[in-house]
Amino acid sequence: MKVRVYGVQPDELKLYEEAEKQGDLSFDFAKAPLNEGTVNEVQDCEAIIVMTNCQVNEKVIEVLARKGVKYVATRSAGSDHVDYAAIKKYGLHACNVPFYAPEAISEHTILMALRVLRNEKKCNAKLASNDYTMEGLRGRQLGQLTAGVLGTGRIGRTTMTLLNGFGTKVLGWDPYPNEPAAKLCTYVERDELLKQSDIVFLHCPLTPESYHVIGKETLSMMKDGAVLINTARGGLVDHAAVLEALESGKLSGFAFDVYENEAAFVRKKKTLDEINDPTFAALLARDNAIYSPHVAFYTDGAIYSMIEVTLDNLRQYQTTGACRNEIKEEAGPV
Ligand code: NAI
């Protein structure tokens, strides 16, 4: 099967070269992400492997179908960049990697939380100006806080396990509560979680229901001085409203690994002028907002297992026509 791969990092090439030796898959590596502007470069392949910075919308899928592509494999857990309704409409199949290393994302989540709670950005700025005083650096201990986790799936549960290790009181909300999570948190209603939590962690998928779940209204329910951590998807958060909440002191800190319009700059080198997003620029400029460019998943172990599972997904399609990781729900872009 000929496969076109998007978003390969130089350190991942070896894994594809190894896989090619088995003789059943051959790869062609695209330079730019897949979107409406680049889809016409697709030639002569049965499958494509995409990443979260690709925009697999209906227009792209219509072209892919015309060019004979049958399978779209995203080597990520989140699949909101793939319009599954259009995949079905044009008779393609799409699959993801439902889990590879929830620990990678959860460890990064806790790292970001601690960086915010201990004023790391402020501390570095003071050091850079030869200021070794303690002023402005009094932190808060994660273990003395109440944390609310929205989305108690694999990553949510892993974060809750780590939070339990710190001694944090953990509240959870999920439209589909589950037994293993009930052992790690106290389930409460969503609004109650927002009211009671000192720190809120987002670990839910981006769906039409969860789009801007953190916005003006939900922020107003949160505790004064609460902290928000988002390592799930940018679209869960109305960033303009979060900026306003940081400015007013309603939120005392915000850490984000994902941003709603990140496709314009993530995995690229761009200046803030080129990005031209005043909200993003204002967030980056704040000493109580911390950003990382969608790298929570990016560890040795996670990369290896993402590629392994993705190639196994394609091999399942090739040999049986079906795949156990076929994306089932309609998680099209909102
Ligand atoms: P999962 O499918 O195991 O769990 C998701 C949970 O969210 C489920 O329990 C589901 O019932 C719940 N949920 C669905 N709609 C919800 C809503 N509106 N509000 C609250 N909860 C809701 O998924 P997993 O593996 O835990 O991943 C969660 C998300 O993390 C992914 O959808 C993806 O967007 C994001 N992610 C981010 C990465 C990064 O590098 N920053 C890497 C991997 C995933």
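Modeller: A residue is called buried when its relative accessible area is under 20%. The model under discussion is predicted, and the term will be needed at several points.

Colleague: Why does Phe27 count as buried?

Modeller: Phe27 has a relative accessibility of 12%. The cut-off is under 20%, so Phe27 counts as buried.

Colleague: What makes Tyr16 count as buried?

Modeller: The relative accessibility of Tyr16 is 1%. With the limit set at under 20%, Tyr16 therefore counts as buried.

Colleague: How many aromatic pairs does the model hold?

Modeller: The count comes to 13 aromatic pairs. In one of them, the ring centres of Tyr16 and Phe27 are 5.1 Å apart and the planes stand at 75°.

Colleague: Why is the pair of Tyr16 and Phe27 called edge-to-face?

Modeller: Ring centres must lie within 6.5 Å for a pair, and planes over 60 degrees apart count as edge-to-face. The centres of Tyr16 and Phe27 are 5.1 Å apart and the planes are at 75°, so the pair is edge-to-face.

Colleague: Which parts does this pair tie together?

Modeller: Tyr16 belongs to helix H1 (residues 13–20) and Phe27 to strand E2, so the pair ties together parts that are 11 residues apart in sequence. Another aromatic pair is formed by Phe256 and Phe280, with 6.4 Å from centre to centre and 85° between the planes, and this pair is edge-to-face. Phe256 is part of strand E11 and Phe280 of helix H12, so here the parts tied together are 24 residues apart in sequence.

Colleague: How do you know whether Phe256 is buried or exposed?

Modeller: Phe256 has 0% relative accessibility and therefore counts as buried. Phe280, at 2%, also counts as buried. Both rings belong to one aromatic cluster, formed by Phe254, Phe256, Tyr259, Phe265, Phe280 and Tyr291.

Colleague: What is the strand order of the sheet of seven strands?

Modeller: The order is E8-E7-E6-E9-E10-E11-E12, the sheet is open and the pairing is parallel.

Colleague: What makes strand E8 (186–187) and strand E12 (289–291) edge strands?

Modeller: Each of E8 and E12 pairs on one side only.

Colleague: How do you know that E6 and E9 pair?

Modeller: At least two bridges are required between paired strands. E6 and E9 have four bridges and pair in the parallel sense. Within this pairing, Leu150 stands opposite Leu202 in E9. On E7, Leu150 stands opposite Trp173, and E6 is joined to E7 by five bridges, again with the strands running parallel. E6, H6 and E7 form a right-handed β-α-β unit.

Colleague: Why is E6 described as largely enclosed by the rest of the structure?

Modeller: Five of the five residues of E6 are buried, so E6 is largely enclosed. Thr146, Gly148 and Leu150 point one way from this strand, while Ala147 and Val149 point the other way.

Colleague: What is known of strand E10 (residues 226–230) and its pairing with strand E9 (residues 199–202)?

Modeller: E9 and E10 run parallel and are joined by four bridges. In E10, Asn230 is the bridge partner of Leu202, and Ile229 is that of Phe201. E10 is mostly covered, with five of its five residues buried. Five bridges also join E10 to E11. The chain passes from E10 through H10 to E11 in a right-handed β-α-β crossover.

Colleague: Which residues have the most contacts inside the largest nonpolar core?

Modeller: They are Ile214, Leu228, Val242 and Leu251, in a core of 35 residues. Among the elements that give two or more residues to this core are E9, E10 and helix H10 (239–248). H10 gives the largest share, five residues. Apart from this core lies another, of 28 residues, including Ala73 and Leu314.

Colleague: What is the strand order of the sheet of five strands?

Modeller: This open sheet has the order E2-E1-E3-E4-E5, with parallel pairing. Its edge strands are E2 (26–29) and E5 (93–95). Neighbouring strands are turned by 20° against each other on average, direction ignored. Helix H13 (residues 300–320) packs on this sheet, touching strand E1 (2–5), E2, E3, E4 and E5, and the direction of H13 makes about 160° with that of E4.

Technical notes:
Residues are numbered from 1 along each chain as its sequence is written. This is a predicted model: local features need pLDDT of at least 70, side-chain atom pairs count only at pLDDT 80 or more; totals for chains, interfaces and linings use all residues. Side-chain values use heavy atoms; hydrogens and water are left out. A nonpolar core is a set of buried Ala, Val, Leu, Ile, Met, Phe, Trp, Tyr and Cys residues joined through side-chain atoms within 4.5 Å. Buried means under 20% relative accessible area, exposed over 50%, partly exposed in between (1.4 Å probe, protein chains only). A crossover is right-handed if, with the strands pointing away from the viewer, the path from the first strand over the helix to the second runs clockwise. Axes are lines fitted to C-alpha atoms, for helices over the stretch in contact, and angles run from 0 to 180 degrees between N-to-C directions. Contact means heavy atoms within 4.5 Å. Rings of Phe, Tyr and Trp (its six-membered ring) pair if their centres lie within 6.5 Å; planes under 30 degrees apart count as stacked, over 60 as edge-to-face and the rest as tilted.
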